[in-house]
Number of protein chains: 2
Amino acid sequence: MNVFVVGLGLIGGSLALDIQEHYPKAVVYGVDKNEAHLQEALDLGIINQKASFTDIEKADIVIVAIPVDVQLTVIPEILDLVKEHAVVIDVGSTKFKICDVLKNHPKRRNFLATHPIAGTEFSGPKAALKGLFKKKTNIICEVEKTAFKLQEKALDIFIKIGMRIRYMDPKMHDEHIAYVSHLSHISSFMLGKTVIEKEKNERDIFDMAGSGFSSTVRLAKSSPAMWTPIFKQNKENVIKTLEEYINNLTSFKELMQQDNFLEIYNEMQNTNYIKQILNGIH
Amino acid sequence: MNVFVVGLGLIGGSLALDIQEHYPKAVVYGVDKNEAHLQEALDLGIINQKASFTDIEKADIVIVAIPVDVQLTVIPEILDLVKEHAVVIDVGSTKFKICDVLKNHPKRRNFLATHPIAGTEFSGPKAALKGLFKKKTNIICEVEKTAFKLQEKALDIFIKIGMRIRYMDPKMHDEHIAYVSHLSHISSFMLGKTVIEKEKNERDIFDMAGSGFSSTVRLAKSSPAMWTPIFKQNKENVIKTLEEYINNLTSFKELMQQDNFLEIYNEMQNTNYIKQILNGIH
């Protein structure tokens, strides 16, 4: 089995590692426009061989793990190159645009739109982790548009690496993921920004930061190159979540200004409901 | 050595555990207005004996770990009760108010104002953890107002349990802690609220939440009983941080509305600077 991984960052690299583990006979080829990353992936044993686009015709499986804007032109080109029995899997954080771009592609049945919800705040081949996807959720969109045998081939991988599968419409995916993922990133980036603006020149102050700050600001380490195109593609949904978030923060501030600490208590107590929800996640 | 711990929640309970470990000859007495918590602390071995306020005259060390509003009346009463050689240590998240309330107390020299910056999102005696304070920072305020021998007695504890000590003016403490702790909690609570409002009746959606969401929303599990009085006491500083945070979020939203994704990229890249800062923390 020839597996091509296009884009050897955190997600692509981690998938390559897991595929090597679960498919000992597979040959994992790496493709990356960044030659240094490609070499690094080879040196780290993430891939078995370096390859280029012209080799993709040999592929049985192609996993595309590149920024969601670049995807829109690269995936149609890959589909043009692959053989009839090959499946091309995208793993981006937005699903509406790529499904829309490919809807009339003659090889649409060779494509599977997925979003494996896993990651860390790090990026590049060094960030790749074995077992990253274990017990995580993979959202698959428009499954009915993929050839049945190719669905099976892709599912076999996701099941072997330990993922739960959920099926969802791409539009719904993008709307909900704005709340449970994209908004968290912006809230964290802007928290980091607010604190840096105040404290940048007072390094001692960060001695005062405990694990609470580290945890809420962790996502502010994430890659701008990955996240900018995500926010761009999911612009309308993300703006909506931001407006709701800003409104909630403003109300909280106004309650403080009005000395309505009873209501502040109630707000926090109601939001403690998140405990039950998070218990459901883990 | 008779150590009294008043308030057997996460912080008081964890201190009691560490003191038992590092001072095998100490007798740790627990005081808590919640009789169930007091019994639980005894059953869990967090304290050696249950006690009440009238026993406090026996104390060599009193640690007060109760909500910061209740503190303001309880600590003066405790100071009235203790012997000349005893030190009364508060561990609350705000420092200006308690220092102000005690500034003319006849036993001010028996009091030490501290803020051990450690914790989890859990509360009550069950949340107590051995070693919670290891490598964490303790901010001590107005150290010069505490009798020298009593400073030494308190410092001995904090050093033995593994803390770094920083000295700071109470007003500066409250201003900076608003950024690196209090704001994180509100940002997390309001993130939780925003997502719950949208998704409460769509439980399946939370399958989509990954570790990023869990991490940014973790502090929204925190105790309203502890945090409401903190926000109340640090009202002016917290409102200021909230205004700056809301302004930053609003600018980010406006950049998105203007399709200025170059600037969005720059904002995120600049905020990646938080990596260096967090490396300094851990």
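Start with the loop of chain B that runs between α9 (235-257) and α10 (261-271), because B:D259 sits there and B:D259 counts as exposed, with 10 other C-beta atoms within 10 Å. This is a predicted model, so please hear every value as computed from predicted coordinates. The phi of B:D259 is positive, near 55 degrees, and the residue is not a glycine. As background, most residues other than glycine have a negative phi.

Chain A gives another case. A:K135 is also not a glycine, and its phi is positive, about 60 degrees. Where is A:K135 placed? In the loop of chain A between β6 (111-117) and β7 (137-141). Is A:K135 buried or exposed? The cut-off for exposed is 12 or fewer other C-beta atoms within 10 Å; A:K135 has 11 such neighbours, so it counts as exposed.

Now the overall build of chain A. The chain holds eleven helices and eight strands. Its C-alpha trace spans about 65 × 40 × 30 Å along the principal axes. For 282 residues, a compact globule would have a radius of gyration near 19 Å, and the 21 Å of chain A agrees with that. Of those 282 residues, 51% count as buried. Take the contacts in chain A between residues at least 6 apart in sequence: 73% of them join residues at least 24 apart.

On to the interior. In soluble globular proteins, nonpolar side chains tend to be buried together. Here the largest nonpolar core has 180 residues. Which residues have the most contacts inside this core? From chain A they are A:V5, A:V62 and A:V88, and from chain B they are B:V5, B:V62, B:V64 and B:V88. Take A:V62 as one of them. Setting aside neighbours within four places in sequence, A:V62 touches A:F4, A:V6, A:I56, A:I78, A:V82, A:A86, A:V88 and A:I89, by the contact criterion. A:V88, then, is both a partner of A:V62 and another of the residues with the most contacts in the core.

Last, the two copies. Two copies of a chain are related by a rotation about an axis and a shift along it.

Key
Residues numbered from 1 in each chain as written. Chains lettered and ligands numbered in written order. Predicted model: local features only at pLDDT ≥ 70, side-chain atom pairs only at ≥ 80, totals over all residues. Core = buried A, V, L, I, M, F, W, Y, C linked by C-beta atoms within 7 Å. Buried ≥ 20, exposed ≤ 12 C-beta atoms within 10 Å, placed from the backbone. Contact = placed C-beta atoms within 7 Å. Helix = DSSP H or I, 4+ residues; strand = E, 2+ residues; numbered from the N terminus. Rg over C-alpha atoms; globule rule 2.2 N^0.38 Å.
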